[in-house]
Protein chains: 2
Amino acid sequence: MTIDTTEIRAAVARGEKGLPVEGAGKGASLIRDEVSLPAMVLRERALEHNIHWMQRFVDDRGLALAPHGKTTMTPALFRRQTAAGAWGITLATAAQCRAAYEAGVRRLLMANELVGAGNMAIVSSLLEDPEVTYHCTVDSADNARALGEFFAARGQCVEVLIELGVPGGRCGCRSRAEVMALAEVIAAQPGIAVAGIEGYEGVIHGDDMADRVRAYGDELVAITRALADADLIAVERPVVTASGSAWYDVIAEAFGAADARERFLPLLRPGCYVAHDHGLYKRAQSEILERLHGDPEDGLLPAMEVWAHIQSVPEPGRAVAGLGKRDIAYDADLPMPLRRYRPGMDDAPLPVADWAVTGIMDQHAFLQVPVGEDVRVGDIVAFGSSHPCLTFDKWRHICLMNDAFEAVEILTTRF
Amino acid sequence: MTIDTTEIRAAVARGEKGLPVEGAGKGASLIRDEVSLPAMVLRERALEHNIHWMQRFVDDRGLALAPHGKTTMTPALFRRQTAAGAWGITLATAAQCRAAYEAGVRRLLMANELVGAGNMAIVSSLLEDPEVTYHCTVDSADNARALGEFFAARGQCVEVLIELGVPGGRCGCRSRAEVMALAEVIAAQPGIAVAGIEGYEGVIHGDDMADRVRAYGDELVAITRALADADLIAVERPVVTASGSAWYDVIAEAFGAADARERFLPLLRPGCYVAHDHGLYKRAQSEILERLHGDPEDGLLPAMEVWAHIQSVPEPGRAVAGLGKRDIAYDADLPMPLRRYRPGMDDAPLPVADWAVTGIMDQHAFLQVPVGEDVRVGDIVAFGSSHPCLTFDKWRHICLMNDAFEAVEILTTRF
């Protein structure tokens, strides 16, 4: 058992939320009120399915996987992902890289700029371990010079990926010419070396998205080729990387070109796939399966839920649940009631047909339920959500749940 | 110094964010990149001002203060608030009560229903300490019976406040008749006793808000009187409580009626006042000062900021900062650039006039800046925000900052 540990007992004593109550260590039941609700739940079978599904998808195409760790920031999941074959883990900040390193990860892809002496110092401490591979992105000569000076002064060299952005997008050089010019600046500096190209297709907008994303993926490969041909890449096997969880199939096609696979290290870095969801990524996945002409019943499974009590039924047709903006993402869609249980009854779920969340506050969600529904204070509702990143970061501990609704492991996050 | 402690060093090693970098313990400078950004900052002078300002406001009116702790969930702030004279701390969940108890708080006002055996077990463990005063709210006979059975079986008695809600609102009885009927149900039960009345004016909507809130506050007092006259309150000094940080002046007027002050324990429970903000509560406070005919320059001061680097200036007039939905509230207003510093320069801030955040993603914020502005990658921007609750819960550690921009203490949160 990995529940009744000193660490978890200390967290319970500190008043951290969503944990089994004292004495309920072994297989604490979510449907029998042995866990303090609200609680974040990951369904173990769906989670394992997703980890292997995505690894197989990437393996089948001769690419490599660096799952974005910022989604979950959960060391136990990083370990499951690397055990299943992931090349390394992607992170968004220096502190996140430190957390992944502490979890045993040694290949750290920081798909973001590294800025500020404080953050550079964190990375410098990681580079002291000769087993560490670390890359960050760079998109400006100012940042390249700051990095070069900082790491040269410590007798270290930081390997960077030049970021290619899109006009009107987020970070990144806006053209191939800018990328080539920045590579020249970096080549002239000690303490910093170009290791490849990075992009993020998630900020592309407009019609004909699949075509735009494909063209962007092709351009990432073409620029990597141009940099390598101009002898502006300092490593033997240049990295080319892109892809969140909504367009990985299209990026995989671009990166799957034979010369890209042989000459470069093509890294996909979806993050949300591991938990999947009932909203944003469910919709994206169904479009992916359509593009892949795959079985719509195949694919990823929603693994993430947040469980909460009905705490009030103040008016006919209206109920209030004990979960709020503190507990679940609300930026893409409101939480979705999935199933309902009544402690003391058997395990068969009660209906939630035509239930809907109509609003959410810090600690409460408003539910519209059919008038006359047998809904009672104390009923337990499993909610689905949209956008995993912003549910994970609301929890320090997550119940990994088996099919019998028992918490079989408590996963600790490192935000 | 309370920075370079074993606990903080362990948090740095775990990769937690917003902390001084190793070796920068003593007065780590926020403007000299001795703290890993993004970081949450509380300005100590403003914080202390707010704590004492609100305590004085409540004292002057003969009322008592139970600041809502769910806003900050920061034990060090609970201690400052009680040291300044707060009667106790308000919380929203059983786990939060446990956290406040661990922080030394012994008067716990849970302004929410207590639902589920798991959560009741947490409260039961707190009640084992004879020094603990605990109240939760109740609005249904089902919940009252569940509480009574649970606590009676343990030989304990839980003191509850009957919640008065408003039609179309959140939890709570919808009328005085419902409150009186529920009090009769409770009186017939062992293991549970009525200790007063609770309400929350923040879910009232419509025109003439001040009049509506005042009428609601008057009704809370009148119902408490009716319950006491009917001998349906089990404690000597019944509690009457309401008030967030937007209407405390109006609730204070209602609770300030002489017989309410003498006969009852009138508890105000604003939470956001302690950090205040640059949006939602700044606007609410200016309305409060207008109602009080007070000096608009008096009142609360914004104490809460989130600091982040400019990490990219990819196009003229556009910059990207390294803070996102993971770091700062975004439900009421987008973050507001307040001041800017450039490490290596003196302490005078650089201009941010006409800067605006135009969008926010998980780890990034988009800034519109005047074309031609001298903005550089590595510049440090202090951002204000709106709605403190949803900024606090994104941080495990907060830098308490003095006027010289040094972190003088690291405050740890307990979400």
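The model is predicted, so local features need pLDDT of at least 70 and side-chain atom pairs count only at pLDDT 80 or more, while totals for chains, interfaces and linings use all residues. Residues are numbered from 1 along each chain as its sequence is written, chains are lettered from A and ligands numbered from 1 in the order in which they are written, and side-chain values use heavy atoms, without hydrogens and water.

I start with the two copies.

Next, helix H7 of chain A, residues 176-187. Helices here are DSSP runs of H or I with at least four residues, and strands are runs of E with at least two, numbered from the N terminus. Which residues of H7(A) are buried? They are A:Val179, A:Leu182, A:Ala183 and A:Ile186, where buried means under 20% relative accessible area with a 1.4 Å probe, protein chains only. They cover an arc of only 105 degrees around the axis, so they lie on the same side of H7(A); the arc uses directions from the helix axis to the C-beta atoms.

Last, the sheet in chain B. It is open, has eight strands in the order S2-S9-S8-S7-S6-S5-S4-S3, and pairs in parallel; pairing takes at least two DSSP bridges between strands. Its edge strands are S2 (64-65) and S3 (89-91) of chain B, each pairing on one side only.

Notes:
Expected span 1.5 Å × (residues − 1). Buried < 20%, exposed > 50% of the residue type's maximum accessible area, 1.4 Å probe, protein only.
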